[in-house]
Amino acid sequence: MTKLFIEGGPAFMGILTLVLLVILALAVVNAVYLASGKGHDPVIVKSRLEYIKSAGLFGLITGILGQLIGLYQAFEAIQRIGKVSPALLAGGMKVSMITTMYGFVIFIIAYLLWFALEAYASRNNTAGV
């Protein structure tokens, strides 16, 4: 796992990990807020839960941006060197996809957390969905 983190580029992988931690913190805070049992304004609950989805989308977009920057750098290196074997090109493209895959995983986690909290809020009639 550490190898993938380093290969994906510590800058983008660090940003993505920070986004994941923010999503988890938002989910915990909202879960505690919903579980407190106090009367909640449905508009506030819904807007608070939207932050989770938005952060997940930000993680996905950041992962895609990391891949595009990685591909740009790889193509720039190929242009400087000239001839490159297909295996080397495939290896570079594989490495560039690490941030995108991590971004997709973060996106899926965010949506699953959002869906679970939204369902809990709906079931308890606090989100008015």
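**Helices and burial in a predicted model**

Visitor: Why is G14 called partly exposed?

Guide: The relative accessible area of G14 is 28%. Buried means under 20%, exposed means over 50%, and partly exposed lies in between, with a 1.4 Å probe and protein chains only. G14 is therefore partly exposed, at 28%. This residue has its place in helix α2. From G14 to V28, 14 residues apart in sequence, the C-alpha to C-alpha distance is 21 Å.

Visitor: How many helices and strands does the protein have?

Guide: There are four helices and zero strands in its secondary structure. Read from the N terminus, the order of elements is α-α-α-α. Both kinds of element are DSSP runs numbered from the N terminus: helices are H or I of at least four residues, and strands are E of at least two.

Visitor: How do you know whether the protein is spread out or a compact globule?

Guide: The radius of gyration, taken over C-alpha atoms, is set against a globule rule of 2.2 Å times the number of residues to the power 0.38. For 129 residues that rule gives 14 Å, whereas the protein has 19 Å, which is well over it; the protein is therefore more spread out than a compact globule. Its C-alpha trace spans about 65 × 25 × 20 Å along the principal axes.

Visitor: What makes α2 and α3 roughly antiparallel?

Guide: Helix α2 covers residues 10-35 and helix α3 residues 42-81; their axes come within 10 Å and cross at roughly 170°. Angles under 35 degrees count as roughly parallel, over 145 as roughly antiparallel, 65 to 115 as roughly perpendicular and the rest as oblique. The crossing angle therefore makes α2 roughly antiparallel to α3. The contact of α2 with α3 comprises 19 nonpolar residues, six polar and one charged. In these classes Ala, Val, Leu, Ile, Met, Phe, Trp, Tyr, Cys and Pro are nonpolar, Asp, Glu, Lys and Arg are charged, and the others, Gly among them, are polar.

Visitor: What describes the packing of α3 with α4?

Guide: Helix α4 covers residues 86-123, and α3 packs with it at an angle of about 175°, the axes being 9 Å apart. That angle makes α3 roughly antiparallel to α4. Here the contact divides into 21 nonpolar, ten polar and four charged residues. Axes are lines fitted to C-alpha atoms, for helices over the stretch in contact, and angles run from 0 to 180 degrees between N-to-C directions.

Visitor: Why are α2 and α4 called roughly parallel?

Guide: Their packing angle is about 5°, with axes 10 Å apart. α2 and α4 are therefore roughly parallel to each other. The contact of α2 with α4 holds 20 nonpolar and four polar residues, and no charged residues.

Visitor: What makes A55 buried?

Guide: A55 has a relative accessible area of 14%, and so it counts as buried. It lies in helix α3. Apart from neighbours within four places in sequence, A55 is in contact with V19 and I23, where contact means heavy atoms within 4.5 Å. The C-alpha atoms of A55 and A110 are 7.4 Å apart, although 55 residues separate them along the chain.

Visitor: How do you know whether T62 and T100 are buried or exposed?

Guide: T62, in helix α3, has 7% relative accessibility and so counts as buried. Its contacts, leaving aside neighbours within four places in sequence, are F12, I15 and L16. T100, in helix α4, is buried too, with a relative accessible area of 10%. Not counting residues up to four places away in sequence, T100 touches G63, I64 and Q67.

Visitor: Why is Q73 called exposed?

Guide: The relative accessible area of Q73 is 52%, and Q73 is therefore exposed. This residue has its place in helix α3. Its C-alpha atom is 9.7 Å from that of S96, 23 residues apart along the chain.

Visitor: What percentage of the residues of the protein count as buried?

Guide: Of its 129 residues, 30% are buried.

Notes: Residues numbered from 1 in each chain as written. Predicted model: local features only at pLDDT ≥ 70, side-chain atom pairs only at ≥ 80, totals over all residues. Heavy atoms only, no water.
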